[in-house]
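Thanks for coming. Let me put the structure up, and then we go through it piece by piece.

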Amino acid sequence: MAYLDISNVVKRYEGHTALAGVSMQVEQGCIYGLLGPNGAGKSTLIRIINRILAADEGTVTLNGKKMTDSDISHIGYLPEERGLYKKMKVGDHIVYLGRLKGMTKADAVASMHWWLDRFDLKEWENKKVENLSKGMQQKVQFIGTVIHRPPLLIFDEPFSGFDPVNAEQLKVEILALRDQGSTILFSTHNMASVEEVCQQITLLNHAQVVLTGSVDEVKQQHKKNIIAVQTPDTIQPHPEMFTILPPDPVKKNDTRIKLAAGVNVRDAITWLNEHYRLTGFTEVLPSMNEIFIETVKSKNLENNE
Amino acid sequence: MNKLRLIIAREYMSIVGRKSFIILTLLFPFLMIGLGSIPILMAELNDKGEEAQRIAVCDETGHYATALPNDDKFNFLLIEGATVTDANEFFSKEDNGSYYNALVVIPREVDSTGVVNIYSKGNIIPALESTVKSALTDTIENAHLAAMGIPNLQEIIEKAHVNIDVRAIKLSETGDAKESSTDIAIALGMVLSLIIFWFVFFSGTMIMNNVVEEKTNRIVEVVVSSCRPFHLMMGKIIGVGLSVLTQMGIWIVLLGIAGVIGGSLMGVGSTVASPEMIGAGAAAAPEVESEMGSLLRQLMSINFTSIIINFLLYFVEGYLLYCAIFAALGSAVDQASDTSQLLTPVMLLMFFAFYAAIGCAQNPDGPMAFWCSIIPFTAPTVMMVRLPFEVPIWQIILSHVLLIATALAIVWLAGRIYRRGILSYGKKASFKDLFNWLK
């Protein structure tokens, strides 16, 4: 049984369907990417998990039990549209968010001090939020999300608004939380971050799941049997075995070879090695970005027909 | 419940903890006194700064001019022996034009026509007109009476003169007669009605702006992932309500302190007299009845317990009813400046409730007053002006029941709009959208 199990969730608004029977299983302790173009239904799904919205149909279970309102204390949620009360003091604000999640005052205060220390924000505890820089506010926001040590963390576009240094620190913190046993659900457009941190993904498009699985699996499924070969020679096409593709705009020196159907990489490399002076080769796996764009485009075409 | 309390505490502190709140609350009474006394100060400065105006008086009758009183404003100067027929000619004469501010001509036939003319090159000061009018009216009237030749006329007139003092006596069911004053009742009702109107209006706009601010701050989704939107809305409404009550409480305390200080300064030993004492005093010496005693007795005739209880109930109910609407409207927009379109009908309703109260004060038992005090949206303000006149108990109960039911329904509906509104960004919601969100 998955830690977070979403099954056949439907959400309709007047005029359109935001989620048309979405299912998704998130295993405990993994970092799960929820992907999809704007308007695919990611935010709606996340809001349903957070019980901000109610699903019209379908169920959400957490740790084997159907979710109730009391479960929101087990979730830490960093929404895409996020902010803080500008006039509140940093320390008070973090404690307030922690207590809203059900912490006692003493626990919240202790945890707040620990986190402020960790993020080097100790001397800002009694300053008003509006006096902080944008980056510091983002850190305070992050602390407010994790202060109650939730077993399930949901981040919607967590890296937007962070400079590279802070984004790196955030990533380290997220991985540390995962190592401590938290399950993390990521919603993002940023495909590079998906490849770096996510083990599993689900791609939503037009209110439906169009792709799901582990990042490795998905990449294998979408590979196009292309190998990039480094050689000083000019390779001639071999119609039974492969064709030559135009060079990659970035890696101009590589020769890109597309294998014909039924030819495996090993045979092709063996043959090439016998006929040319190979200095290196790599199998070209598609980036998540390519898979994302390709899947969304092809689904959109299907829908239009 | 715990979360609701947390939210209330935060909202409350976010208002009461602000420096501007403390300063404004303490300064406001002084500000009001200051603003109130500005016109008086200005008037005094106006009077003191200038020397008395010189007014030429041409008295063709020869005996009324002395009636015009010289004071620090006007100096009436009789033009001896001269008969002025043309005011233009008078002012064009050397010196006169610059020396005199105005010319009062009392014509010979003033006894029959009752007309006196004032000429001036500049604007005629209203104060001059009224001074001349009142002085000459009394004098000429007395002269007329004297001319009739009736002996002891002054005494006769004084004896005949009456000043009717109307006492409104309300007969209760048991036949007890109670003296009541309609003036005091009207004033009391209007003040309470105004307090309800003003505070609901003031808090309502504050709540609305707070909701919009939470949306523009983008904090709202963070908070509603920890609590139900309904709790956030109610926490805000209650928190703002408590802060407003705090402010009111501080002002009442300040007023009390001012009253005690003022009372002791004036040498009145007991400013706060218990009802028993007043009653005993009135019983012991009913014939010695000062105006103050009469006022107190009239005040005592009003059922304060009922009024205070009902005031608090109507305050809370009306506050909930309107503030829930304000919160829902705030949730429907992205920035404060977008609220005006949605706000207009609510404002109209509120101002109607207020003006209905003023209108009903004149006839608190009329059909308009009855219906407006039953209809929930106008009940809080209108019932307050009716209460000092003793309203049948069934009407009060009916009005409360309807108001509570409506307020709860509105709170529920507002919660549904709020829940959707706070998460919708980008497009300005219309009434049609709000209606859709109710579903």
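Start with a question: is N225(A) buried, exposed or partly exposed? N225(A) is partly exposed, with 17 other C-beta atoms within 10 Å. The cut-offs: a residue is buried if 20 or more other C-beta atoms lie within 10 Å of its own, exposed if 12 or fewer, and partly exposed in between, with C-beta atoms placed from the backbone.

Ground rules. This is a predicted model: local features need pLDDT of at least 70, side-chain atom pairs count only at pLDDT 80 or more, and totals for chains, interfaces and linings use all residues. Residues are numbered from 1 along each chain as its sequence is written, while chains are lettered from A and ligands numbered from 1 in the order in which they are written.

Back to chain A. N225(A) is not a glycine, yet its phi is positive, about 55°. Where does N225(A) lie? In the loop between α7 (215-221) and β11 (226-230) of chain A. Those labels are DSSP runs, numbered from the N terminus: helices are H or I with at least four residues, strands are E with at least two.

R149(A) is another case. Its phi is near 50°, again positive in a residue other than glycine. R149(A) sits in the loop between α4 (134-146) and β7 (152-156) of chain A. R149(A) is partly exposed, with 17 other C-beta atoms within 10 Å. For context, most residues other than glycine have a negative phi.

Now domains. Chain A is assigned domain 1 (4-215) and domain 2 (224-284). These bounds come from an automatic or database domain assignment. Taken over C-alpha atoms, the centres of domain 1 and domain 2 of chain A are 43 Å apart.

Over to chain B. Chain B has 18 helices and six strands. Of its 439 residues, 28% are buried. Count the contacts in chain B with a separation of 6 or more: 68% of them come from residues 24 or more positions apart. Contact here means C-beta atoms, placed from the backbone, within 7 Å.

Look at strand β3 (residues 102-106) of chain B. Five of its five residues are buried. Which residues point which way? A102(B), V104(B) and I106(B) point one way, and L103(B) and V105(B) the other.

β3(B) has two partners to show, and strands pair if DSSP finds at least two bridges between them. Strand β1 (residues 53-59) of chain B runs parallel to β3(B), joined by five bridges. There, C58(B) stands opposite V105(B). Strand β4 (residues 117-119) of chain B runs antiparallel to β3(B), with three bridges. V104(B) stands opposite I118(B) in that pairing.

Next, the interface. 17 residues of chain B are in contact with 19 residues of chain A. On the chain B side, α1 (2-16) and α9 (220-224) each supply at least two residues. That side divides into eight nonpolar, five polar and four charged residues. Ala, Val, Leu, Ile, Met, Phe, Trp, Tyr, Cys and Pro count as nonpolar, Asp, Glu, Lys and Arg as charged, and the others, Gly among them, as polar.

Last stop, α1(B). It has 15 residues and reaches 21 Å from first C-alpha to last, close to the expected 21 Å. The expected span is 1.5 Å times one less than the number of residues. Its buried residues are I7(B), I8(B), R10(B), E11(B) and I15(B). Seen down the axis of α1(B), they fall within an arc of 160°, so they line one face of the helix. That arc is of the directions from the helix axis to the C-beta atoms. The face of α1(B) turned away from the buried side carries the exposed residues N2(B) and R5(B).

Methods:
Contact = placed C-beta atoms within 7 Å.
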